[in-house]
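Q: Please take a close look at one part of this structure for me, and then show how the rest is put together around it. I would like a single connected answer that I can follow with the model open on my screen.

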Amino acid sequence: MANRVAIVGVGRSTQAARRPEVNDAEMINEAVRAALADAQIDINKVQAVLTNSIDGFDNFYLGDCLLVDGTGGYMKSGMKLHTGGTVGSTGAIAAFNMVASGMFDIVLTIGHQKQERGNSMGTLCAAAPGEMREFVQGAIGAFAQAAVQYMKNTGAKLEHAGMVRLKADKNACRNPYAHLRLGLKSIDDVAKSPILIWPLRLLDFCPQSCGACALIVASEKVAKKITKKPVWVADHETVHELQSEVVFGGDEEKSQQIAAKRIYKRNGITNPVRDIDCFEVYEPSSWEEMYLYEHFFLCEHNKGWKMIESGVTEIEREVPVNPSGGVLATNAIGATAMLRIAEAALQIRGDAGEHQVTKDVKTTLSSGLGGTNWTTLVLLKRSL
Amino acid sequence: MSERIGIVAVAQTRYHPNRAEVKEGEMAYEAIKQVLQETGLKYVNDGTGIDAAVSCSQDYWDGRTISSLNVASFLGTHFRSEEKVASDGINAVFYAMMHILSGEHDTVIVTTHCKESMTSPSLVQNHAFEPIFMRVLGLDFLSAAALQATRYMSKHKITPEQCAKVVVKNRGNAKNNPYAQAPMSLTVKDVLNSKMLADPIHDLDAKPVSDGACVMIMAREGKAKKFCKKPIWITGVSNCYEAHYLGDRDLAECKALTKAAKRAYKMAGITNPLKEIDVAEISEKFSYEELLWMEGLGFCERGGAGKVIDSGITKMGGKLPVNPSGGCLSGNPTEVAGMTRVVEAVLQLRNQAGARQVPDARVALAHGTSGVCGQLQTVMILSNS
């Protein structure tokens, strides 16, 4: 990057299935105020506001304009980005770029979605007109296919998905900003949940949440002035994949591996398990998390299920993955990918509270995922 | 800015009321292939070609989620980077500029497309209003514009004839633009006699439904000079949000535009816009907007735009020709409109604007709006030296 960029403020709204007590602007405002308080600045210091979400999920056309009362964008620069499921991370990356460009010193970026007001399943069915609309399967069908393929290719069993779900819930129960905090006792509790599309059970798939996330991104000069704990953006990568049908998972090299290889190479990461202290990944299904272990080279090919079995990705262990509870616990889609970055930043600062990982976190990797199998990666560091 | 960002190639489709025979991507590719051919650049990862894409479109117009998928395969984005700006196209150009300045990539293709004919514009626009208090009123951009026009015209004594003069000028200018959808030889009377859509806006006071796309390739200074003999430089740019609720604003004013213009002028070192800008392309989706936006841009004092249009200085051959292309009133789709203004400004500065060329244009202004009654205003200053 042309100029150094840091995350200096992190804000999250309450995340829940329904937020009838607030409208979208008010919900966003919870996250914005939290981020400003965290950065210890007021809104007048912010020069630009990015407001990012998926259009059809909350029924807003030009939502950045419509929600300006809640975002704080009044009389400021800004725009809206929308790249599908990756939108929260694209919104963060756009803020990094705006600050790195030297044109802005402080940018506020917001990911939000009040899914109760739209129809995300119906919207997703329109992801590939002519190919997918007829099947009316949305994301669940695509991830069910990926799960079947994973079982077939690797020998993983349903119980491994149960282990991922159990870990997510244990972590979510330590995160006051997680939506689903179920207190699951064992993988039998997961097994009891109803089938959506086999082998995906209700608990194997991400919920529909209402929530917002906000980040305040600052130039080096400003960051050093306003905070003792800036989290530096070391690098980021965006890799799209074009498909006529939406296919996730699978055996061949996809956007995830390509993105990981690129960012590892540029940053001298030869052994990600050793070189990266904490991961916040975008796992819409419990099976996807096992895929991502492999795709980000945290374990050998086809051995992701052994990784969850071994427990190394637990919060106290060597390779903590999704200490926040991840997407399986909280999924306000426009906010989801940004929450991965926000949570990683809190881990680096040591401010994650109850779900702070045991090991000292100096470097994190956050991923975003969207249709059609697009990947974003953000590498954060305590010092550059 | 640490270094200059140049526009090395531009292209646009002919704007048309209904392109039912092509899909969005095919339509955009009509323009995309022109810039690829002109520059000879390819979608490669070795630094010799186009590194990444920034697209601009809207799910609501395209009738699908992630509307950039409609054009992604024409932008070489398979296993590469693309970001979609869901705003007016001029903001995609603004973002692409910052994307390059950030150091992420050197050369970026930017495109925007929209087929307004595929859906009911009024229905789409209704979704741009706050859902609890405003959407249920049935507001769309036309009815909101009628409120703004009424307020603006009554506060500043702007006459329907002065608004109609904008239409006569722009539709007339469009006769010189082979890409314009609806060039027409009109009189003020013709405009005032056209069907009343929403008082005081007549049919000819509003832009027609339009389909089309435009594209450009942008690069950092060193590369821009390699890729093209006459790169056009973005010397100033800014944008600014107004309030959303119409009742929170004085619709006769355009505070956000004033602020965006001030910031863009400061960056470009412009102190007297009327004198220092040679040609302006302004997003006027309704005739009164060209007048109101001229005030916001500081071309005249508040309420003075009626006199400006009467004086003729914004005509071709005038002191500051406004919309030599024919503007949005001659047919540009929403979202594409602002980027079309940039494309036209580039053609002017490259002396490639054909019959609509403003002689010796060196500094151009491009303006775009997004949202209800120009809620998000973007101003860009371009220069050929």
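**Two helices meeting in chain B**

A: In helix 7 of chain B, Gln162(B), Cys163(B), Ala164(B), Val166(B) and Val167(B) meet Ser287(B), Tyr288(B), Glu290(B) and Leu291(B) of helix 12 of chain B. Meeting here is contact, that is, C-beta atoms placed from the backbone lie within 7 Å. Helices (H or I, at least four residues) and strands (E, at least two) are DSSP runs numbered from the N terminus.

Before going on, please keep in mind that this is a predicted model, where local features need pLDDT of at least 70, side-chain atom pairs count only at pLDDT 80 or more, and totals for chains, interfaces and linings use all residues. Residues are numbered from 1 along each chain as its sequence is written, while chains are lettered from A and ligands numbered from 1 in the order in which they are written.

Back to the pair: helix 7 (residues 160-173) and helix 12 (residues 287-296) of chain B pack at an angle of about 100 degrees, and their axes are 7 Å apart. The axes are lines fitted to C-alpha atoms, for helices over the stretch in contact, with angles from 0 to 180 degrees between N-to-C directions. That angle makes helix 7 of chain B roughly perpendicular to helix 12 of chain B, a label for 65 to 115 degrees. Sorted by class, their contact has six nonpolar, two polar and one charged residues. Ala, Val, Leu, Ile, Met, Phe, Trp, Tyr, Cys and Pro count as nonpolar, Asp, Glu, Lys and Arg as charged, and the others, Gly among them, as polar.

Now step back to the chain that holds this pair. Chain B contains 14 helices and 11 strands. Its radius of gyration, 19 Å, is close to the 21 Å that the globule rule gives for 385 residues, so chain B is as compact as a globular protein of that length; the radius is taken over C-alpha atoms, and the rule is 2.2 Å times the number of residues to the power 0.38. The C-alpha trace of chain B spans about 60 × 45 × 40 Å along its principal axes. Of the 385 residues in chain B, 62% are buried, meaning that 20 or more other C-beta atoms, placed from the backbone, lie within 10 Å of a residue's own. Among contacts in chain B with a separation of 6 or more, 77% join residues 24 or more positions apart.

Next, the partner chain. In all, 49 residues of chain A are in contact with 50 residues of chain B. Helix 5 of chain A gives the largest share of the side of chain A that touches chain B, five residues. That side has 24 nonpolar, 19 polar and six charged residues.

Gly88(A) is buried, with 37 other C-beta atoms within 10 Å. The C-alpha atoms of Gly88(A) and Glu343(A) are 13 Å apart, though 255 residues separate them along the chain.

Lastly, strand 1 (residues 5-12) of chain A is mostly covered, as eight of its eight residues are buried. Strand 1 pairs with strand 7 (residues 210-219) of chain A in the antiparallel sense over seven bridges; two strands pair if DSSP finds at least two bridges between them. Ile7(A) has Val217(A) as its bridge partner in strand 7 of chain A.

Methods:
Angles under 35 degrees count as roughly parallel, over 145 as roughly antiparallel, 65 to 115 as roughly perpendicular and the rest as oblique. A residue is buried if 20 or more other C-beta atoms lie within 10 Å of its own, exposed if 12 or fewer, and partly exposed in between; C-beta atoms are placed from the backbone.
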